[in-house]
Amino acid sequence: MHGRGRLARLLLVAGFGLLLAAWVGSNAPGFGPDEPANFVKEVGAGTGQWSGTPGRLAHPAFGAQPGAPERIDWINRNSRVFRLPAGLDPGPAGFPCNLFRNWLSVSCLDRPHPRPPATRALSYVGTYEPYVYAGRAVTAALVAGLLAVAIAAAWNGPAGPLSVAGVLLAASPMVLFMGSVLGTNGIEIAAATALFTLVLRMGREAGPPRWAWPAVGVVGALLALARPTGPAWVLLAPLVGLVLAQRRTRGGGSPPAVAGEAVRAGVRRHPRHEPSRRDAPGASQGTTRWRGANRWRQAWPVLWLGLAAGGVAATALWERAVQPHPGIRRALVVEGLHRLPHDADAWVRQWVGVFGWASLPMPTYAYRIWWLAVVALALVALAADPWRARLGFVAVLVGAAVVAVGLDVVVLRQTRFPVYGRYLLPLAVLLPLAAGEIVTRRAARLPAAVRRPLQVAVPLLVAAVHLVGLWANARRYAVGAGGPGWFLGRSQWNPPGGWSPWFALAVAGAACLVGFALTGLRAAPATPGPRTVDGTADGTADGDLTAAVEVCDGHIKSGRGPAAWCGRC
């Protein structure tokens, strides 16, 4: 059982890693959102020019759109000029050409371009936090690592593949696309997914594993440093964990070392294990050592939470010193509320996948498949007992909606720019993650007719939609969105190495997800099972320390000895 669970997790991590690699290689340069500006900012950050020098757009043009002068003013307030070494100016390279002309290929990228000399270039994201800017491959590696943390945190042995259904539906094609282009949005989304999954894992009855605290510290710091909204998600995460936390039974939630001490204390309560007087000095030394270890265990979470707090502080200082902030105008708040239904419709698609500069959608059926799976998971969560979990789930959804609307109308819309779904995607992942966590906790009580189809169908549908998204994205670059559906052999533009290696990676990634789904067919039914002393059922899932003590005591009193079941006694 342990080997099968480990294989399932490895397949899932490998699947996401391969799909990310396919996105990195097949994306045309410059076609990530604001990618040329992010490239200039990245070169500046990498050469020690963290804040650059103030600059203004040479020829701003937003037509006759309402608020165009305010948009230009906001861009100029965020613009900075950076020195670029020779050959690194994206302007002369024509990136991106044929932008917003989805009916055309990007064969214009193959035109010969002169090598640009060392120069100075303007980036309209120049005031953004410079801490985690990296190239495409490094960004994708970070995103893959963060998704691996989310998978490890969500996994539950008795629930099996069902326990990561929420992570599967949080890691949409849009998440992988944003994780494969220049910029920090993908890192922010993946870090929020990992952090929310960690705090939900900590809310389980047995409490967090010891490795969860370092993960929270590192992931929280990375999330806080990624973008201006990162600290908001870090501060929101513990609230989400508290709202959905399970009630702890006596002894539940103790770290493994504390659990072991509690079990040993229970063992000594039996007359045969009462310490004699001559054991008193050793017992005193043991008590002293236990107290010292207990102090260290209490300081362990504080140490790592301090790392996340440091990330929040660093971003707050940068925001105060460098980043401009829009005022709050009541007229724009009212306008934003009136446009909310239209914006929400766009967000629903962008959360699943609208590529390029928010201009290249997938086929309509791909969105329907994805949201059908999300809604099915949410309905199963709402149908699960107890009522406290249902109320917590509804509270998280309502709270997330309130925060999203507040960010939209009070902050983002005040710049006169549209609010893209990718800005709110770190918040939107809460829907599948919270639903998946509730279903995981109640997996043992789900009918087999619900549990098994869900844990098999979700990864299969996710794999299919990821392939559809990759193909739609590649087709636009190769022959245009209106070109032939099967464009291999007729491509007008090709990525490095042609399309074959990148599609091979994509198919291999999807095959890993299919393999993961097949492990769900062989998974044993979820049962509460016996509890081990570290708070897990059969060593793989959350459990109750009280039950462990009672079982160990039972073994001892029956004369069979503790080694028959719980060797740590």
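Strand β2 (residues 80-84) is mostly covered, with 4 of its 5 residues buried. Buried means under 20% relative accessible area, exposed means over 50%, and partly exposed lies in between, with a 1.4 Å probe and protein chains only. Strands here are DSSP runs of E of at least two residues and helices are runs of H or I of at least four residues, numbered from the N terminus. The model is predicted, so local features need pLDDT of at least 70 and side-chain atom pairs count only at pLDDT 80 or more, while totals for chains, interfaces and linings use all residues. Residues are numbered from 1 along each chain as its sequence is written, and side-chain values use heavy atoms, with hydrogens and water left out.

Strand β2 belongs to an open sheet of 3 strands in the order β1-β2-β3, with antiparallel pairing. The edge strands are β1 and β3, each of which pairs on one side only. Two strands pair if DSSP finds at least two bridges between them. In general, strands of a sheet pair through backbone hydrogen bonds, either parallel or antiparallel.

On one side, β2 pairs with strand β1 (residues 53-54) in the antiparallel sense over 2 bridges, and Pro 54 stands opposite Arg 80 in β2. Strand β2 is also joined by 5 bridges to strand β3 (residues 119-123), and these two run antiparallel. In β3, Ser 123 is the bridge partner of Arg 80, and Arg 120 is the bridge partner of Arg 83.

Helix α2 lies across β2 and β3 and runs at about 65 degrees to β2. Axes are lines fitted to C-alpha atoms, for helices over the stretch in contact, and angles run from 0 to 180 degrees between N-to-C directions. Contact means heavy atoms within 4.5 Å.

Most residues other than glycine have a negative phi. Asp 34, in the loop between α1 (2-26) and α2 (35-46), has a positive phi near 60 degrees. Asp 34 is buried, with a relative accessible area of 18%. Asn 98 lies in the loop between β2 and β3 and has a positive phi of about 55 degrees although it is not a glycine. At a relative accessible area of 17%, Asn 98 is buried.

Another loop residue is Thr 229, between α8 (212-226) and α9 (230-243). Thr 229 counts as buried because its relative accessible area is 17%. The Thr 229 side chain makes a polar contact with the side chain of Glu 188 at 2.5 Å. A polar contact is a pair of N or O atoms within 3.5 Å; within protein, one must be able to donate a hydrogen and the other to accept it, and residues adjacent in sequence count only if both atoms are side-chain atoms.

Among the helices, the axes of α13 (residues 340-353) and α16 (residues 421-428) come within 9 Å and cross at roughly 75 degrees. That makes α13 roughly perpendicular to α16, since angles of 65 to 115 degrees count as roughly perpendicular, under 35 as roughly parallel, over 145 as roughly antiparallel and the rest as oblique. Trp 347, Gln 350 and Trp 351 in α13 meet Gly 421, Arg 422, Leu 424, Leu 425 and Ala 428 in α16. By class, this contact has 5 nonpolar, 2 polar and 1 charged residues. Ala, Val, Leu, Ile, Met, Phe, Trp, Tyr, Cys and Pro count as nonpolar, Asp, Glu, Lys and Arg as charged, and the others, Gly among them, as polar.
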